[in-house]
Amino acid sequence: MNTAAPEFRAEQVKRSSVPRRLRHILALDDFEPAARAFLPRPIYGYIAGACENGQSLSDNRQAFAELSFVPKILRDVSNRSLARSLFGVNYAAPFGIAPMGLSALAALDGDVVLARAAFRTGVPVVLSATSLTPLERVAREGSTRWFQAYLPGEHERIDAMVDRVQAAGFDTLVLTVDVPVAGNRENNVRNGFDAPLRPSLNLAWQGVTHPRWLLGTALRTLAQRGMPHFENMDAYRGPPILSRNLTRALGLRDRLNWNHLQRIRARWSGKLVLKGILAASDAHLAQEHGVDGIIVSNHGGRQLDGAISPIKVLPEIVAAVDGMPVMLDSGIRRGTDVIKALALGASFVFIGRPFLFAAARFGEAGVVHAIDLLKSEINRDMALIGVDNLDRLEPSALR
Ligand code: FNR
């Protein structure tokens, strides 16, 4: 006999439909310790880490904690819908998977796994410029329609890359603009992580002491697909992921400016999104340059340490643009965080690390479970806050 209270049964992810090995994962944060035990330390550190003192990383969580709800009661919230439309596409929930480089190093066929899980559950996923799977394959096998580019300030390379992404059938181009240079990630240096990875005794030892990753991810990748390369930085194939003497060239990324954006806008016929905006004046400029949307982000605390948490500047950015979709990422881990961002005017949010931890440790089933958990939290929280429709969320729901 099921003795759970009826209201509890209605909201929780149905345990019986969850694979047994995932039943102890009750929240997004539970994926991290599971992945930490499984992954070699340099790779775990690359995903979990941030830059310098990790101030932005911790503030991204703290900023959400400082916002409290003022729930409304007796509203008949029995007809709740999590659906959200963005750029004319209806999604099952108001969140998606943020672009994450090197996913296929942490998870077997990581880029396709993330894409398939997102497609199955009706949410968007953004393929990273520093991914290790040709974007054409992810478009074909994962039905992904969002691609994130890092473009250098060079016309020919911009044109060639924009044309390649367009030819592959992507309809939304996310240009990340908070990486003119690489962030100072000391933890990568301390852990012996570099991109490309340099063969070393430490790396070999990390492989040997993490045999499930070595056999199930690294060696299987080599056997099935050969040595991974940076496939999507440019219109041509980039360097391999393991190399003794190569350094990954960032190109002339620090030259990129608003004039290049004009050129990109003229050439790209799909939706254009800028990711990594924190200043209201930049949001306004972006709209003047014809972009279709922006992602307010401090790159999950991985670029400029001390960069303000996106949720703190969201209201002023929403006020500075005229009806353009404003999305947000960095630090979202709970349904309540998603709702707080929507209440302050975000059209949509993205989440990074937990989905990659889920893919690394549990593959596609893990990512589907992560998405289901977050959907179920949002569904429950909507009822507790007193709204049945996400469009009814307002800043007055928060203090
Ligand atoms: C990232 N992020 C990122 N962003 C981007 O535009 N291009 C990229 O290639 C990457 N790569 C990347 C790798 C890894 C391992 C992580 C964790 C993150 C940043 C990402 O898109 C997003 O902004 C943050 O991850 C959001 O913060 P949370 O949800 O991880 O706190």
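I started with a term: buried means under 20% relative accessible area, exposed over 50% and partly exposed in between, with a 1.4 Å probe and protein chains only.

I am reading a predicted model, where local features need pLDDT of at least 70, side-chain atom pairs count only at pLDDT 80 or more, and totals for chains, interfaces and linings use all residues. Residues are numbered from 1 along each chain as its sequence is written, and side-chain values use heavy atoms, with hydrogens and water left out.

**Aromatic pairs.** I searched the whole structure and found nine aromatic pairs. Rings of Phe, Tyr and Trp (its six-membered ring) pair if their centres lie within 6.5 Å; planes under 30 degrees apart count as stacked, over 60 as edge-to-face and the rest as tilted.

I looked up Tyr-46 and Phe-193: this pair is stacked, at 4.7 Å centre to centre with 15° between the planes. Both residues, Tyr-46 and Phe-193, are buried.

Next I turned to Phe-95 and Phe-355, whose ring centres are 6.5 Å apart with the planes at 15°, so I noted them as stacked. Phe-95 lies in strand 3 (residues 95–97) and Phe-355 in helix 16, so the pair ties together parts 260 residues apart in sequence. Helices (H or I, at least four residues) and strands (E, at least two) are DSSP runs, numbered from the N terminus.

Is Phe-355 buried or exposed? Phe-355 has 0% relative accessibility, so I count it as buried. Phe-95 is also buried, with a relative accessible area of 0%.

**A cluster.** I also noted one aromatic cluster, formed by Phe-87, Tyr-91, Trp-146, Phe-348 and Phe-350.
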